[in-house]
Amino acid sequence: MSDTLNVFLLSILQGVAEFLPISSSGHLVLGKHLLGLESPGVRLEVALHVGTMFSVVAFYRVTVLRLVKGVFTGCRESWRMVLNIAVSAIPAVVLYVALKKVFRIDLEGDFFQSARMVGSALIFTGVVLLSLRWVPSSLGGEVTWRRAVAIGVAQAIALLPGISRSGMTISAGRISGVDAKRVAEFSFLMSLPLIAGAALKDALSSPPPDGAALPFGLLAVGAAVAGIIGYVALTLLVRLLRGQYFWLFGIYCLVVGGAVLCFVAP
């Protein structure tokens with residue numbers, strides 16, 4: 001399969017799955033197994049995430065501008081949101097460093113990138129999402145620093161392929177009593193520092209060997225496609241969440257996860 005077609009298919013997959021609670025990383029692994037897609041590589045994966053990062057900024061542009069303005073003008077509400085976002089990033093950073101540096105566990109290794117691992121993780125995601133069926137719609141609290149920590153722990157768990165970051169963070173927020181609209185906004189805003197950090201790390205890392213790097217133009221096109229499709233998916237997700245239908249994605253995750261374990265995983 002040509003690099004152009006490979007990048008195009010992966011960009012569509014990333015754009016759809018990044019915001020819908022079905023795990024973009026897990027679907028990228030399944031795409032590799034089922035469609036014969038080549039492994040995207042860290043550089044392309046970061047580029048696709050940057051594309052979806054810009055879709056978050058575009059969708060929440062009013063909120064982002066208000067936060068930036070509020071930080072520079074000393075608005076307490078803006079500073080509280082920024083600090084909560086910073087607090088929520090700590091668990092994922094700590095877990096990632098511990099797995100990489102202390103336990104020497106490679107999340108890009110064969111075990112974590114296997115269909116069996118992804119199928120099992122999707123089933124776990126499905127169970128968590130289905131639990132929202134019984135969360136009262138009347139819950140409408142704010143994101144406090146304690147709730148930000150809980151949501152951050154959920155985000156850290158989603159480092160594993162097949163466990164949805166949006167699914168886990170939104171579920172954690174709703175279960176802890178945060179309003180549906182607020183938790184969706186917080187969930188996607190809190191992803192921005194991690195994506196930006198990954199992009200910066202990639203930019204500062206050593207370049208891949210000659211012949212192994214994708215052209216910058218192709219990476220840019222992939223990021224743009226992922227961003228456009230991601231914006232549409234994000235719009236759909238927020239509407240479904242407001243209508244209390246978010247838990248229905250749990251059925252999809254259970255069906256796909258079960259099918260993978262039964263028919264795809266060795």
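**Entry 1: aromatic pairs**

I searched the whole structure and found four aromatic pairs. For the record, rings of Phe, Tyr and Trp (its six-membered ring) pair if their centres lie within 6.5 Å; planes under 30 degrees apart count as stacked, over 60 as edge-to-face and the rest as tilted.

I looked at Phe59 and Tyr231: their ring centres are 5.7 Å apart and their planes stand at 65°, so this pair is edge-to-face. Phe59 belongs to helix 3 (residues 41-59) and Tyr231 to helix 11, so the pair ties together parts that are 172 residues apart in sequence. Helices (H or I, at least four residues) and strands (E, at least two) are DSSP runs, numbered from the N terminus.

The cut-offs I used: buried means under 20% relative accessible area, exposed over 50%, partly exposed in between (1.4 Å probe, protein chains only). I also noted that Phe59, Tyr60 and Tyr231 form one aromatic cluster.

Next I turned to another pair. The rings of Phe246 and Phe249 have centres 6.2 Å apart and planes at 65°, so they are edge-to-face. Phe246 is buried at 3%, and Phe249 is buried at 13%.

**Entry 2: ground rules**

I am working with a predicted model, in which local features need pLDDT of at least 70 and side-chain atom pairs count only at pLDDT 80 or more, while totals for chains, interfaces and linings use all residues. Residues are numbered from 1 along each chain as its sequence is written, and side-chain values use heavy atoms, with hydrogens and water left out.

**Entry 3: helix 9 against helix 11**

I looked up how helix 9 (residues 180-189) packs on helix 11 (residues 216-242): the angle is about 150° and the axes are 9 Å apart. That makes helix 9 roughly antiparallel to helix 11. Axes here are lines fitted to C-alpha atoms, for helices over the stretch in contact, and angles run from 0 to 180 degrees between N-to-C directions. Angles under 35 degrees count as roughly parallel, over 145 as roughly antiparallel, 65 to 115 as roughly perpendicular and the rest as oblique.

The crossing of helix 9 and helix 11 is right-handed. A crossing is left-handed if the near helix is turned anticlockwise from the far one by less than a right angle, and right-handed if clockwise.

Which residues of the two helices meet? From helix 9 I listed Ala180, Lys181, Val183, Ala184 and Phe188, and from helix 11 Leu234, Leu237, Leu241 and Arg242. Sorted by type, the residues of this contact are seven nonpolar, no polar and two charged. Contact means heavy atoms within 4.5 Å. Ala, Val, Leu, Ile, Met, Phe, Trp, Tyr, Cys and Pro count as nonpolar, Asp, Glu, Lys and Arg as charged, and the others, Gly among them, as polar.

**Entry 4: helix 6 against helix 8**

Helix 6 (residues 115-130) packs with helix 8 (residues 165-175) at about 30°, and their axes are 10 Å apart. The two are therefore roughly parallel, and their crossing is left-handed. Phe124, Val128 and Leu129 of helix 6 make the contact with Gly167, Met168 and Ser171 of helix 8. I sorted these residues into four nonpolar, two polar and no charged.

**Entry 5: helix 5, helix 7 and Gln155**

The axes of helix 5 (residues 76-102) and helix 7 come within 7 Å and cross at roughly 35°, in a right-handed crossing. Among the residues that meet are Asn84, Ser88 and Ala92 in helix 5 and Trp145, Gly152 and Gln155 in helix 7. The contact divides into ten nonpolar, four polar and no charged residues.

I stayed with Gln155, which sits in helix 7 (residues 145-157) and is buried at 3%. Leaving aside neighbours within four places in sequence, Gln155 is in contact with Ser88, Ala89, Ala92, Arg165, Thr169, Met190, Ser191 and Leu194.

**Entry 6: two loop residues**

Ser23 lies in the loop between helix 1 (3-17) and helix 2 (24-34). Its phi is near 70°, a positive value in a residue other than glycine, and Ser23 is buried at 3%.

Tyr245 lies in the loop between helix 11 and helix 12 (249-264) and is partly exposed at 47%.
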